[in-house]
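Subject: Structure handover and findings

Hello,

Here is the structure for your files. Please look it over alongside the notes below.

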Amino acid sequence: MTVSEADIVQCITQGGVVLLPTDTVLGLAVSPRHGAAIDRLYGLKHRPRDKNLPIMVADADDEIALRIPNDAQLLAVLRETGPLLVTSANRSGAQTPDTTNEAAALILGIETSCDDTSVALVDRSGHVAAIKTVSQYEVHEAFGGVYPELASRAHLEAILPTIQSVMDEASATPKDLTAIGVTRGPGLIGSLLVGLSTAEALSMGWGVPAYGVNHLRGHIRSVELEGGQTEFPAVIMLVSGGHTLIAELKDPWSYRLLGTTRDDSVGESYDKVARMLGLGMPGGPAIDRAAKLGRPVLRLPRPMKNEGYEFSFSGLKSSVARHIENHPEVSLEDMSASFVAACLDVLVAKADRALAECKPRSLVIVGGVSASPQLRDAMAQVADHHRVNLCLPPVKWATDNAAMIAMATWDYIERGVQPALFPKPNLSLETP
Ligand code: KG4
Ligand code: ZN
């Protein structure tokens, strides 16, 4: 099928995503406002050095790709972002789920907030029909942390093939989708933009509504994947690489933040301590394994253990650094065990306080660090003591993944809340 230049120009000037009269997904769509944001992001000091990025992918016709550069600004965006997504021209404008279509029973979840490109198909019961997560571990390894510009570009390369592979695995077509749910924040702006732009383009091309989803609420819903249930009211503890917070959830939608961290998150401390001990990335599982073989022989501080619901972990990390320097005789297993014991002591004290005060029916522990077996055991004891239900995600979905984003999307649909597909790097728990 040929596409005229007029079609393309019309699409660009109309606003919204670039739409072409074809059913073939050709690349990644960037709406003008997202394009401008990407341009701002990269236009200044972070311009990627590699200028040889593909302009279009898959079935793209070079001629088409070469005509688009008539629009200088779009070309600039294309050069920096790589492929543009081009979807079917049947812009149906459908923005609410078609509940009369019983075949449409799946949410396509898209998660690109940090360094994993994840796509999943999940039904209302939490059954994961297909999921694929592409890790960027090798991209960032040399930097000792996530390098934001490289993260967005790696998402761009991975996103469409990942969506395609998940749809193929579940033998799904757009007609099977109730909606698309995509992380809108918190996260890295460039990474979020890739997921949001893709979701917006697919939504328009496929005529399926798209919902911008709060990543934190995604983690909280991860306990409902594959049959889990949360009984309300619940106390939530989110312990991940980006966040540490404790909140009360009176019903599935009413969040009350009790406290968050003043500095490092728990996951960040695990990662930093792992690096100091030469254990590599990701630090959490490595520290866990070492800690299991050691004894908590060091007296480390328990920052803010006896004060309210706020956390602070940077002092604990510095204390570990001092001990490593001053006590080279202490094995890394004992160091790890001492560090884990201090972290858990603080987390357990806060959970215990919240359970006593809020008197919930469940304790929900989520986020990457909830994969820790030591944390799971410690929280099982607190929950048992207070006779509340302990809700944990399946270990494989404790860390960032799109299944949890898809699961959380059902809440948005049921509440009729459809946030704009615009990145919110600092989105808070209380905002949908
Ligand atoms: O939830 P997540 O994947 O990403 C964010 O939203 O931040 O959490 C990643 C964090 C990393 O800091 C990682 O070291 C930690 O979760 N983590 C663990 C374990 N698995 C991952 N921490 C302790 N024990 C684990 N088994
Ligand atoms: Zn996360």
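Predicted model: local features only at pLDDT ≥ 70, side-chain atom pairs only at ≥ 80, totals over all residues.

Residues are numbered from 1 along each chain as its sequence is written, and chains are lettered from A and ligands numbered from 1 in the order in which they are written.

The chain. The protein chain has 14 helices and 10 strands (DSSP runs numbered from the N terminus: helices are H or I of at least four residues, strands E of at least two). Of its 432 residues, 51% are buried (20 or more other C-beta atoms within 10 Å of the residue's own; 12 or fewer is exposed, in between is partly exposed; C-beta atoms are placed from the backbone).

The ligand. Around ligand 1 there are 18 residues (C-beta atom, placed from the backbone, within 6 Å of it). The closest are Ser 240, Gly 241, Gly 267, Gly 284 and Gly 368. By type, the shell has 5 nonpolar, 10 polar and 3 charged residues (nonpolar: Ala, Val, Leu, Ile, Met, Phe, Trp, Tyr, Cys and Pro; charged: Asp, Glu, Lys and Arg; polar: the others, Gly among them). Helices α9 (266–276) and α10 (283–292) each supply at least two shell residues, and α10 gives the most, with 4.

The helix pair. The axes of α12 (residues 332–358) and α13 (residues 373–385) come within 10 Å and cross at roughly 30° (axes are lines fitted to C-alpha atoms over the stretch in contact, and angles run from 0 to 180 degrees between N-to-C directions). The two helices are therefore roughly parallel (angles under 35 degrees). Residues in this contact (C-beta atoms, placed from the backbone, within 7 Å) include Leu 344 and Leu 347 of α12 and Leu 375 and Met 379 of α13. The contact divides into 10 nonpolar, 1 polar and 1 charged residue.

The backbone. Most residues other than glycine have a negative phi, and most peptide bonds are trans. A cis bond joins Gly 185 and Pro 186, with omega about -10°; Pro 186 is in the loop between β4 (177–185) and α7 (189–206). The bond from Phe 232 to Pro 233 is also cis, with omega near -5°. Ser 171 has a positive phi of about 50° and is exposed, with 9 other C-beta atoms within 10 Å. Met 304 has phi near 60° and is partly exposed, with 19 C-beta neighbours inside 10 Å.

Regards

Terms used:
Parallel < 35°, antiparallel > 145°, perpendicular 65-115°, else oblique. Contact = placed C-beta atoms within 7 Å.
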